[in-house]
2 protein chains.
Amino acid sequence: MEISVQELTEQLSQKGIRPSYQRIRVLEYLHRKEGGHPTAEEIYDFLVNEIPALSKTTIYNTIHTLTEAGLVRTIHIDNDEARYDITLHNHGHFQCVACGSITNFPIDIDRVQIDELSQFEVREKNVYFRGLCPNCLNPTSEEKELLK
Amino acid sequence: MEISVQELTEQLSQKGIRPSYQRIRVLEYLHRKEGGHPTAEEIYDFLVNEIPALSKTTIYNTIHTLTEAGLVRTIHIDNDEARYDITLHNHGHFQCVACGSITNFPIDIDRVQIDELSQFEVREKNVYFRGLCPNCLNPTSEEKELLK
DNA sequence: GTTCCTGCAAAAGCTTTGCAGAAGA
DNA sequence: TCTTCTGCAAAGCTTTTGCAGGAAC
């Protein structure tokens, strides 16, 4: 389901964020790539085609703003690059250690209450699994060639 | 409970890792700091006192070796620095967004099975919560002074 | 003798910071 | 006019890489 520019503008305004063109485009990109966990680089590479003067600094600025507002979630699953996604609940991230791909999976973590954390204010819950994805477990004969 | 050098040596040998002095000391440090989630810097700063010629490269080399062997777990809870700990099961990590401290909490994640991941080989499960720790939620009057 | 390990120096690469100009209220 | 935002350039920092000397087997 496409989200309209108007809806995005409202989302930003409701959070007290000035709906600049760059911010709308970043947010729109993340909505379209929902579950795709793009890196800052990927967001930049795509948007710079439409906004030639775009700076990577703006990507970082924007992501920080959106993250603080709770519209975007930052994923630190490995050490290479941070990844970003619009905020979704009740799902975890699986990263393949071979190909690096990230897959969402449902997990009912939002309902989990930890007695030992009763004195803590939990604002964000992340579940990261790592291992091998089906593709890397059973590569096709063609893929096996490439891996040689 | 202290772990002896002999036990550490055996742990390494069993994994096919040559039990060099540096590796034993790193592993020993992580055992002593169990649940303390030290950074590479902290490990280095402590051990360089006893091994003056120690290099940070060796810390990284050693950590990688120990991680691959499954003796150590790497924690990427934020973007600043990786943190390391000896492998423990069934616990999650809570990081305070104010003071940065990391607290372990028990969570029965190892038993969790996700139907959607039946085709995946899950090797590692991490649970990261973020929020405010009790100390930062209710700072003492003295601490409030410091924050001004 | 050969393989593995350590550590120095330098490089790599993501992210942040400083700052000036532009845009918006 | 004053605040906020963007983007260029440079810096910051953790981690990795190349390589040579040394240790272990």
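How much area is buried between chain B and chain A, and what share of it do carbon and sulfur atoms give?

## Basis of the report

This is a predicted model, in which local features need pLDDT of at least 70, side-chain atom pairs count only at pLDDT 80 or more, and totals for chains, interfaces and linings use all residues. Residues are numbered from 1 along each chain as its sequence is written, chains are lettered from A and ligands numbered from 1 in the order in which they are written, and side-chain values use heavy atoms, with hydrogens and water left out.

The area buried between the two chains is about 2,900 Å², and carbon and sulfur atoms give 70% of it. Buried area is the accessible area (1.4 Å probe) that two parts lose on being put together, summed over both. In chain B, the residues that lose the most area to chain A are B:His76, B:Phe120 and B:Phe129, together 20% of what that side buries. Counted by contact (heavy atoms within 4.5 Å), 32 residues of chain B touch 33 residues of chain A.

Nine residue pairs, both at pLDDT 80 or more, are in polar contact between chain B and chain A. A polar contact is a pair of N or O atoms within 3.5 Å; within protein, one must be able to donate a hydrogen and the other to accept it, and residues adjacent in sequence count only if both atoms are side-chain atoms. On the side of chain B that touches chain A, strand E5(B) gives the most, with twelve residues. Strands and helices here are DSSP runs numbered from the N terminus (helices H or I, at least four residues; strands E, at least two).

## The paired strands

Strand E5 (residues 121-132) of chain A pairs with E5(B) in the antiparallel sense over eleven bridges. Two strands pair if DSSP finds at least two bridges between them. Within this pairing, A:Leu132 stands opposite B:Glu121.

## Around DNA strand C

DNA strand C is surrounded by 18 residues, and the closest are A:Tyr60, A:His64, B:Ser20, B:Ser55 and B:Thr58. A residue counts as near the strand if one of its heavy atoms lies within 4 Å of it. Of the atoms of DNA strand C within 4 Å of the protein, 80% belong to sugar or phosphate, and the rest belong to bases.

Some of the polar contacts can be named. An N or O atom in the side chain of A:Tyr60 is 2.5 Å from a phosphate oxygen of DNA strand C, and a polar side-chain atom of A:His64 lies 2.8 Å from a phosphate oxygen.
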